[in-house]
Amino acid sequence: RLLYFVNKVARKVKKVYPQVKIDTISYADMSSPPEIVKPEDNVVIRVCANKGVSGLSIEGASAAKIRKAKEYMDRIQKLSQITDKIYVWDYPYDYMVINSIFPILHTLREDMRFYAEHNVKGIYVNGQTDTCDFDDLKIYLLAKVMFDPYMSSEEYEKHLTEFLEGYYGSGWKEIYRYIIMSEKVSRKTEFNIWSQPHEIIPLKYDEEGNADYSFMNKSRELFNKAKKKARGGEIRRIDKNS
């Protein structure tokens with residue numbers, strides 16, 4: 001029903017403003033791709049992920065996360081069969097606790113490649129702001145992969161490490177180790193944009209109920225080593241993300 005209405009508007013607008021595109025949303029109750037009505041050629045379908053999908057890379061991920069990602073990917077694939085104008089409204093950060101770690105840096109390249117292969121013509125990144133989650137690095141990498149979604153994993157890694165070295169200085173390798181460690185731990189969790197920090201990096205407990213703080217201790221160790229090697233503004237940047 002929504003698309004039927006949007007199409008009527010689009011046809012009227014096109015008569016007066018043929019260069020204008022009409023944007024409608026695929027989200028919540030309007031998520032299911034239409035089975036009968038097809039969008040007019042001046043209509044853009046903007047897809048927003050339900051269930052807080054956090055990255056489409058599913059290698060080694062939890063079963064629940066794989067299921068959610070596949071549901072989202074299936075929706076885009078079906079839409080790509082009826083339109084060549086899809087936009088994506090993306091949330092590559094923790095929407096619930098904005099100053100939380102959100103380890104998805106190594107999913108961005110795969111996400112953008114999937115989008116490019118399925119008629120996605122634009123990405124709107126919602127809410128990037130001043131957080132401890134490497135927001136400057138994330139924006140830089142997003143710009144790179146949106147410009148070239150078909151780059152190799154080696155090229156992507158080169159962009160990542162070059163930024164770290166230029167931004168964090170001599171202590172960049174410790175920051176890189178922290179990023180890899182965070183992604184390895186969170187890979188098995190079912191985190192999404194609505195998660196609390198402890199759901200992204202969960203605490204482990206022994207049989208007696210004692211918490212294992214090894215991840216936090218190792219993280220502090222890496223950041224402290226990075227700060228000792230850094231100078232001036234590099235230290236402030238490390239402090240911001242620690």
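Modeller: Buried means under 20% relative accessible area, exposed means over 50%, and partly exposed is what lies in between. Keep in mind that this is a predicted model.

Colleague: Then what makes alanine 28 count as partly exposed?

Modeller: Its relative accessibility is 47%. That value is over the 20% limit and under the 50% limit, so alanine 28 is partly exposed.

Colleague: Where is the place of alanine 28?

Modeller: Alanine 28 belongs to the loop between strand 1 and strand 2 (43-48). Its phi is near 50 degrees, which is positive, and the residue is not a glycine.

Colleague: Which residue in the loop between strand 4 and helix 4 also deserves a look?

Modeller: Phenylalanine 134, in the loop that runs between strand 4 (120-125) and helix 4.

Colleague: Is phenylalanine 134 buried or exposed, and how do you know?

Modeller: Buried. Its relative accessibility is 5%, under the 20% limit, so phenylalanine 134 qualifies.

Colleague: With what is serine 26 in contact, leaving aside its neighbours within four places in sequence?

Modeller: With Ser31, Ile45, Arg46, Val47, Cys48, Arg75 and Leu79. Leucine 2 is 24 residues from serine 26 along the chain, and their C-alpha atoms are 9.9 Å apart.

Colleague: And alanine 116, why does it count as buried, exposed or partly exposed?

Modeller: Its relative accessibility is 29%, between the 20% and 50% limits, so alanine 116 is partly exposed. The residue sits in helix 3. Beyond four places in sequence, alanine 116 touches Pro149 and Tyr150. From alanine 116 to tyrosine 4 the C-alpha distance is 27 Å, across 112 residues of sequence.

Colleague: At what angle do helix 3 and helix 4 pack?

Modeller: About 35 degrees, with the axes 9 Å apart. Helix 3 covers residues 108-116 and helix 4 covers residues 135-147. Their crossing is right-handed.

Colleague: Which residues in helix 3 meet which residues in helix 4?

Modeller: Leu108, Arg109 and Met112 on helix 3 meet Lys138, Leu141, Leu142, Val145 and Met146 on helix 4.

Colleague: How many residues of that contact are nonpolar, polar and charged?

Modeller: There are 6 nonpolar residues, no polar ones and 2 charged ones. Arg and Lys count as charged, so Arg109 and Lys138 supply that class.

Colleague: How do helix 4 and helix 5 cross, and how far apart are the axes?

Modeller: The axes come within 10 Å and cross at roughly 145 degrees. Helix 5 spans residues 153-168. This crossing too is right-handed.

Colleague: What meets what in helix 4 and helix 5?

Modeller: Helix 4 brings Asp136, Leu137, Tyr140, Leu141, Lys144 and Val145. Helix 5 brings Tyr156, His159, Leu160, Phe163, Leu164 and Tyr167. By class, that contact has 9 nonpolar, 1 polar and 2 charged residues.

Colleague: How many aromatic pairs does the count come to?

Modeller: The count is 14. Tyrosine 178 and phenylalanine 215 make one of these pairs.

Colleague: Why do tyrosine 178 and phenylalanine 215 form an aromatic pair, and of what kind?

Modeller: Their ring centres are 6.3 Å apart, inside the 6.5 Å limit, so they pair. Tyrosine 178 lies in helix 6 (residues 172-186) and phenylalanine 215 in helix 8 (residues 214-229). They are 37 residues apart, so the pair links distant parts of the chain. Both tyrosine 178 and phenylalanine 215 are buried.

Colleague: Which residues form one aromatic cluster?

Modeller: Phe134, Tyr140, Phe163, Tyr167, Tyr168, Tyr178, Phe215 and Phe223.

Colleague: What lies over the face of tyrosine 167?

Modeller: Arginine 237, at 4.5 Å from the ring centre. The distance limit for a charge over a ring is 6 Å, so 4.5 Å falls inside it.

Colleague: Finally, how many helices and strands are there in the protein?

Modeller: The protein has 9 helices and 6 strands. Of its 242 residues, 44% are buried. The C-alpha atoms fill a box of roughly 65 × 45 × 30 Å along the principal axes.

How values were computed:
Residues are numbered from 1 along each chain as its sequence is written. This is a predicted model: local features need pLDDT of at least 70, side-chain atom pairs count only at pLDDT 80 or more; totals for chains, interfaces and linings use all residues. Side-chain values use heavy atoms; hydrogens and water are left out. Axes are lines fitted to C-alpha atoms, for helices over the stretch in contact, and angles run from 0 to 180 degrees between N-to-C directions. Helices (H or I, at least four residues) and strands (E, at least two) are DSSP runs, numbered from the N terminus. A crossing is left-handed if the near helix is turned anticlockwise from the far one by less than a right angle, and right-handed if clockwise. Contact means heavy atoms within 4.5 Å. Rings of Phe, Tyr and Trp (its six-membered ring) pair if their centres lie within 6.5 Å; planes under 30 degrees apart count as stacked, over 60 as edge-to-face and the rest as tilted. Buried means under 20% relative accessible area, exposed over 50%, partly exposed in between (1.4 Å probe, protein chains only). A charge sits over a ring if NZ of Lys or CZ of Arg is within 6 Å of the ring centre and within 35 degrees of the ring normal.
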